Amino acid sequence: MKHVDDHRDPARARELARAIAAETTRPWRIMEVCGGQTHAIARFGLEELLPPRLSLVHGPGCPVCVTPPEILDHAIALARRSEVVLCSYGDMLRVPGSTVDLRTVKAEGGDVRVVYSPLDALALARELPDREVVLLAIGFETTAPGHAMAVYQARREGLRNFSLLVSHVLVPPALEAILADDDPATRVHGFLAAGHVCAIMGEAEYEPVARRHRVPIVITGFEPVDILHGIHRCVVQLEAGRAEVENAYPRAVRAAGNPHARAVLDEVFEVTARRWRGIGEIPRSGLRLAPAFAGFDAERKLALASTPAAEPDRGCRSGLVLVGKLRPTECPEFGARCTPEHPLGATMVSSEGACAAYYRYRAAP
Ligand code: SF4
């Protein structure tokens with residue numbers, strides 16, 4: 001606990017808040033990319049410590065929130081097949097596809113299993129050789145190595161009844177998409193990049209983004225002191241007119257990331273365009289299984305059509321929330337028709353979603 005306590009030290013947090021206030025002379029908008037950071041900002045009330053000129057906006061870094069409805073539709077269609085066991089991480093069960101969610105299909109008798117790691121799905125594939133075990137493999141660069149290793153292991157064991165329904169997304173193209181909007185009212189001036197993603201991928205792929213768009217990108221951790229430290233470093237750069245990639249989380253992130261994990265990713269996956277829920281298609285923003293691993297690709301193996309599905313129109317504005325153009329509390333449905341018990345959109349379903357974080361920590365009625 002000492003390790004955590006050091007990074008939640010109130011005196012250090014106040015000291016950093018004072019340093020941020022002293023440094024800030026102009027209005028800046030800083031986006032934290034990761035849902036885990038959004039969650040910590042809401043939980044520890046960090047925005048209340050910041051000067052009024054400094055706005056934190058919340059980014060698209062919640063994997064559950066950005067998974068598009070057609071992937072859910074595929075998962076739902078698979079879960080309705082008698083030969084399939086559909087494995088998913090828990091939050092995904094409540095995210096709506098274009099009509100229903102996986103929880104509904106499970107209640108109707110579909111074989112949907114909640115798993116906690118890819119190893120759970122592999123164990124099921126060994127246990128049930130007559131069924132096709134499909135793992136709904138979502139997430140950013142952080143979860144992709146685990147899914148890649150599961151495919152490796154399945155190949156090594158000769159498991160032919162295991163496959164992935166892949167919906168991996170990548171952070172840097174999403175930053176580019178957010179920065180393509182040059183509306184001065186909503187322009188993001190600097191980013192806190194997610195430390196766990198950079199622990200895998202390293203710093204290099206953020207450098208072209210920082211250079212091209214003249215934005216500082218500060219690699220930041222997840223505890224309150226980490227986040228305030230990241231904000232401070234970002235403000236120091238902004239006030240000095242610098243736009244660099246800076247590592248404010250050196251206890252976890254090396255400049256080169258994790259070369260072994262990156263090598264596995266490069267071998268098992270290839271880069272592809274991906275649709276992001278609420279945002280739309282972003283070129284080269286996702287991963288899919290490489291041709292050498294096509295036998296483990298549920299979309300190819302089980303002949304799923306790749307047509308985009310329409311988002312259900314329920315008045316949800318999570319697309320604006322996910323790119324920092326709307327605060328959850330500015331959505332008219334927040335806390336009224338939309339609550340964690342009855343979510344209208346993915347950002348209220350996932351515990352990492354900005355709407356759920358605000359509801360839980362900031363504005364619960
Ligand atoms: S509060 Fe609910 S309806 Fe509004 S944007 Fe968030 S998830 Fe969508």
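**Notebook: sheet, overall form and domains**

I began with the sheet and found six strands forming an open sheet in the order 4-3-5-6-11-10, with mixed pairing; strands are DSSP runs of E with at least two residues, helices are runs of H or I with at least four, and both are numbered from the N terminus. Two strands pair if DSSP finds at least two bridges between them. Because strand 4 (112–114) and strand 10 (269–276) each have a single partner strand, they stand at the edges, and one side of each is left without a neighbour in the sheet. From one strand to the next I noted a twist that averages 25°, with axes fitted as lines to C-alpha atoms (for helices over the stretch in contact) and angles running from 0 to 180 degrees between N-to-C directions.

A note on the source: this is a predicted model, in which local features need pLDDT of at least 70 and side-chain atom pairs count only at pLDDT 80 or more, while totals for chains, interfaces and linings use all residues. Residues are numbered from 1 along each chain as its sequence is written.

Next I looked at the pairing of strand 6 (residues 162–169) with strand 11 (residues 280–289), which run antiparallel and are joined by two bridges; here Val169 stands opposite Gly286 of strand 11. Helix 5 (residues 69–79) touches strand 3 (84–88), strand 4, strand 5 (132–139) and strand 6, and its direction makes about 140° with that of strand 3. Helix 8 (residues 144–157) touches strand 5, strand 6, strand 10 and strand 11, and its direction makes about 160° with that of strand 6.

For the protein as a whole I recorded 17 helices and eleven strands. Its C-alpha trace spans about 65 × 45 × 40 Å along the principal axes.

Last, I turned to the domains, whose bounds come from an automatic or database domain assignment: domain 1 covers 24–308 and domain 2 covers 318–361. Their centres, taken over C-alpha atoms, are separated by 18 Å, and 24 residues of domain 1 are in contact with 19 residues of domain 2. On the side of domain 1 that touches domain 2, helix 3 (35–43), strand 2 (54–61) and helix 4 (63–66) are the elements that give two or more residues, and helix 3 supplies the largest share, six residues.

Key. Two residues are in contact if their C-beta atoms, placed from the backbone, lie within 7 Å.
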